[in-house]
Amino acid sequence: MENIITLGIESSCDETSVAIVKNGREVLSNVINTQIPIHEQFGGVVPEIASRNHIKAISGVTKEALRQANFSMNDIDVVTCTYGPGLVGALLVGVSYAKALSYCLNKPLVGVNHIMGHIAANYISYPELEPPFLCLIVSGGHTHLVHIKTYTDFEILGKTRDDAIGEAFDKVARVIGLQYPGGPKIDKLAKQGNENSIELPETYFENLDFSFSGIKTAVLNLYHKNPDTDKANLCASFEKVVTDMLLNNTKKAAKQLKIKRVALAGGVSANSYIREKFIEYGKSEDVKIYCPNILLCTDNAAMIASAGYYDYINGKRSDLTLNAVPNLKIQ
Ligand code: KG4
Ligand code: ZN
């Protein structure tokens, strides 16, 4: 079979990224220009500033991705880009750029769902991984437990009823004075704390849904009432409780579906405590756990180019009417 080279563009939030991927699995380049230092001073992403910085960065990032892969524009077979979910202005930069490239190069265009991209990060990190498997998507905007049946067919088994887990990490971090993005800061500080030192509430449902607003509020109230609370202990206890909730539903789903393969995806899956506890679970219950390379957990274009490849070979095509869809769902 002939090789298919996809160029991926990601601009849904605060990373401008362009990647070149061969046959959906082999990353030839993955350039990520992060705006974190720009947004840090505001304590979170400022949408208008994000859009403007995507515009400034996108041409340079594209040229650098081509240079690193040692390719010219004409070597690209398919142009892929994130078209949702995300910030509308930020998404529009990538979508417009991708449409222009596709038109000028006369190459097919495929709009990619950002969440599908997070799942596809696993295909890059684990070249042998093929559906079916269970995927736990934990990011700044999503907490979904999904049965991946084929490359393009999914069933959502459970999802958060309120906050996404990444939002809870970022909010807790902000309240205790850690800088944006809070997830990695909590990860680091928690290593010095005792995970059993502070009791926090866990929320469970009959089905496989999640809820993180209860624990978030409990941490905020506790810290406001007692600002001398040891921050490391608080971070460690918070991580333990949210990980217990993630593990509980994942184990239940794996048993119900008799699936022995569980993949993690999304920015929060970079968390070292969550990864460690999932790997322990895998060993004790003979379940194979897939944790994508840390760089591929947070937003990047290689995962978009990989998901775009599978969409493409399954016949998906977008045209120049492609638009940003800020609240795009998985299904
Ligand atoms: O997937 P992502 O890069 O963007 C979205 O699509 O939302 O996820 C960003 C989220 C943020 O909430 C960030 O704090 C969190 O991922 N995150 C982490 C870690 N690294 C990033 N959360 C916990 N531990 C980490 N090491
Ligand atoms: Zn993301």
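**Entry 1: the zinc site**

For donors I took N, O and S atoms within 2.8 Å of the metal (3.2 Å for Na, K and Ca); water is not among the atoms, so sites may look incomplete. H118 sits in helix α4 (residues 114-125) and D299 in the loop between α10 (294-297) and α11 (301-313), so this pair ties together parts that are 181 residues apart in sequence. Helices here are DSSP runs of H or I with at least four residues, strands are runs of E with at least two, and both are numbered from the N terminus. The protein donor atoms are NE2 of H114, NE2 of H118 and OD of D299, at 2.0 to 2.1 Å from the zinc ion.

Are H118 and D299 buried or exposed? H118 is buried at 2% relative accessible area, and D299 is buried at 15%. (Buried is under 20%, exposed over 50%, partly exposed in between, with a 1.4 Å probe and protein chains only.)

**Entry 2: ground rules**

I noted that this is a predicted model, where local features need pLDDT of at least 70 and side-chain atom pairs count only at pLDDT 80 or more, while totals for chains, interfaces and linings use all residues. Residues are numbered from 1 along each chain as its sequence is written, chains are lettered from A and ligands numbered from 1 in the order written, and side-chain values use heavy atoms, leaving out hydrogens and water.

**Entry 3: two domains**

I looked up the domain assignment, which gives domain 1 (5-119 + 297-313) and domain 2 (130-294); such bounds come from an automatic or database assignment. Their C-alpha centres are 27 Å apart. The contact (heavy atoms within 4.5 Å) takes 16 residues from domain 1 and 23 residues from domain 2.

**Entry 4: the cores**

Which residues have the most contacts inside the largest nonpolar core? I found F212, I215, F238, L246 and F278, in a core of 79 residues. A nonpolar core is a set of buried Ala, Val, Leu, Ile, Met, Phe, Trp, Tyr and Cys residues joined through side-chain atoms within 4.5 Å. Helix α8 (residues 231-257) gives the largest share, twelve residues. Both domain 1 and domain 2 give residues to this core, so it lies between them.

I then checked F238: leaving out residues up to four places away in sequence, F238 touches A168, F169, V172, I186, L200, I215 and V219. A second, separate core has 24 residues, including V18, C81, A98 and L101.
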